[in-house]
Amino acid sequence: MTEALNPAQRQAVEHGPGPILVIAGAGTGKTRTLVCRLAYLMGRGVAPENILLLTFTRKAAEEMISRATSIVGDDTGRLTGGTFHSVANILLRRYARHLGYEPGFVISDRGDAEGIVNLLRSSLSLGGHGRRFPSRRMVINVISRAVNRCVPIGAVLEEQYSHLLEFQGDIESLARHYQAFKREHQLMDYDDLLVNFRDLLRDHPGPCREIRERFVHVLVDEYQDTNPVQAEIVRLIAVPGNNVMVVGDDAQSIYSFRGADFRNIIQFPDLFPGTVVVRLEENYRSTQNILDLGNAIIAHAGEGFKKRLFTSIGEGDKPLLHPLSNEAVQARYVAGEIKKLLDRGDSAAEIAVLFRSGFHSYKLEIELASLGIVFEKRGGMKLLESAHIKDVVSYFRLLINPHDSLSWNRLLLMLPKLGPKTAAKIVQAARDSDDPFSALEEYPAPASWGEGLRELVLLFQGIRGGAMTPAAVFGAVMEVYRPRLEILYADDYPRRLRDLEQLDILLGGYADIPSFLDDIALDPPEADGFADGAAGGSVILSTIHSAKGLEWDNVFVINLAEGRFPSTRSGFGPELEEERRLFYVAVTRARKRVFLTYPREVKGYGGFDGGGPSPFVTQLPHDVVRVAGLRPVPVYGGGDDFRVSSPTSAGGGFAVGDRVKHPFFALGTVIGKTGKSKVVVAFDRHGNKELHLDYARLERA
DNA sequence: TTCTAGCTATTTTTT
DNA sequence: ATAGCTAGAA
């Protein structure tokens, strides 16, 4: 074994038969442990095809398998690894018929789901009569949550969406029709992949036996982010031999919004009696100062496995907290610091900027670009969410599944003079026919859009039959689509054309269309050029969710401001706790340096949207961060933001000797005045600071 | 039935 | 700021 292990890791790696739960704090060598476990099993003669490795991303699985392979030798291949969804996809293709599906079913994404709900809503004429019907997005969220949590829709509404309770009947009916629509059109959404996989194992003894015989050893990474359906899948596969290892950290559970329940990991020993629990607490990633910050963040959390990370790496630099006056200044500051790091010789690949939501980095992206710093953005908008990509993908989907009404609808609506009503009629005709292509050919069309329809039919006649490579199909499709693109998106079609060129390159790597379609649904490429570290390392801008499991020397966490992080959309209690864990995940990505920033004011859609330090920041003990110089920068926008200026600054101010309270610096005494609205305060635990009363939220204590 | 101009609510996070 | 939606014109 080439990778060194500590005793706890070794215990996990060399565990014999039976269930084992590994509680692995951030940076404690979780991946190394899993890799060695794989290698250990293979070294003990377990055939790779008898191992199933379930991970959070496909990339993680590939990396672990290749590292394990390099330890054991060339015993590669046959090991099955990937996300729950991708493994479910593979097995469901094989056993589809047991569930009443064809093996050629198509995976539908969120956009499809919204399209279906739209169609159904109008065909069921819901929302037409008076009341404001919940948005399709909401409807999808409710349905998905009910499925993933294995609870009825009514329960989800009561628990999370009580304001939609009056629509319960309509949503339930919509949900039933949605299920029926997917079956009729050979579609499976993300939830179906899991649920159908679970049903296959639970209700179909033949396939279940084969799958169990195949996967004698099951390993699951990031178990804290599994939902009840996934937990059931693991149980159903692993239960006869109980050779199951799950690894995770309840403190890093950040996916409850898609049904994950961190209690899964806490209850694992109950599910598998005799579970051996191993805790990994020695951190090999971060300096002690960073861990102190992480421990301080998570100290406020309620239930969970108690653990305290420690390291022998050394103290390192203290995390820096830098308040900035607004987002533009924040962006300039962060870009400037990144420049300094780069000039100093740090590798771009060792710098990451993390934030709560995709759009939080817009200003920074502009700033970095103007400094000529190359970056790669993770999370946020995906390539296939853009309209032009969906357009092109629709052609491909119809080749595989000619009954895909959604795609027909999409293509037909691109034709001028052809609107939703006509499209619906044509789609109906296509659906009722055994051969939708010839149904279209025969459809009585008026001159206005008949030409467009004929063109479409002609195109499909050319590319049908499955003899062409995906790249060749793309070429033929573009002949027809390109003129349409130029009309449809007259203002910015060159940009979209560039995306399509990227798609063309991507397609070059595929031998067949079905695997291309599966991949764009299950492993979607990112929006901006989907470079995958192309430049041999660039600065990473990422949502915290997408940064899970990764690490860098230097980590910036920006927009730690009220109203941004925690997001205003998140509520109290458990939701707030999850936001806190998110903050924990963010800072524990860092090896050497952490920079925390927040703008004192944030502009939202209309006026001001919040700003000032996040409660997570103000709750930190004073000694875990170093606060950067508090020199106020002029406020832009000015105006009537009552949250930024303290009530006292308007009414005359403070006198020397007053006891005051600051949201971050806590208690102090005013020891001097240096201007008409500036005071010097001696803080009990932070020393002297000069504060501008227009900006600092200072209160009388 | 389609198109368009103006209105509105909207902004987590992802397989 | 923007996309998605509604109401009214063509």
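1. By class, the surface near DNA strand B comprises 9 nonpolar, 11 polar and 8 charged residues. This is a predicted model. In total, 28 residues surround DNA strand B, and the closest are Arg 356, Gly 358, Phe 359, Gly 419 and Thr 422. Of the atoms of DNA strand B that come within 4 Å of the protein, 60% belong to sugar and phosphate.

2. Two helices, α18 (420-432) and α24 (544-547), each supply at least two residues of the surface near DNA strand B. The largest share, 4 residues, comes from α18.

3. Some polar contacts to DNA strand B can be listed individually. A backbone N or O atom of Lys 421 lies 3.3 Å from a phosphate oxygen. Ser 546 places a polar side-chain atom 2.9 Å from a phosphate oxygen. For His 85, a polar side-chain atom lies 3.2 Å from a base oxygen.

4. Turning to the sheet: 6 strands form an open sheet with parallel pairing, in the order β3-β2-β6-β7-β1-β8. β3 (80-82) and β8 (276-280) are the edge strands, each pairing on one side only. From one strand to the next the twist averages 10 degrees.

5. Strand β2 (residues 51-54) runs parallel to β3 and is joined to it by 3 bridges. Within this pair, Leu 54 stands opposite Gly 82 of β3. Helix α11 (residues 228-238) packs on the sheet and touches β2, β6 (217-220) and β7 (244-248). The direction of α11 makes about 160 degrees with that of β6.

Key. Residues are numbered from 1 along each chain as its sequence is written. Chains are lettered from A and ligands numbered from 1 in the order in which they are written. This is a predicted model: local features need pLDDT of at least 70, side-chain atom pairs count only at pLDDT 80 or more; totals for chains, interfaces and linings use all residues. Side-chain values use heavy atoms; hydrogens and water are left out. Two strands pair if DSSP finds at least two bridges between them. Axes are lines fitted to C-alpha atoms, for helices over the stretch in contact, and angles run from 0 to 180 degrees between N-to-C directions. Contact means heavy atoms within 4.5 Å. A residue is near a molecule or strand if one of its heavy atoms lies within 4 Å of it. A polar contact is a pair of N or O atoms within 3.5 Å; within protein, one must be able to donate a hydrogen and the other to accept it, and residues adjacent in sequence count only if both atoms are side-chain atoms. Ala, Val, Leu, Ile, Met, Phe, Trp, Tyr, Cys and Pro count as nonpolar, Asp, Glu, Lys and Arg as charged, and the others, Gly among them, as polar.
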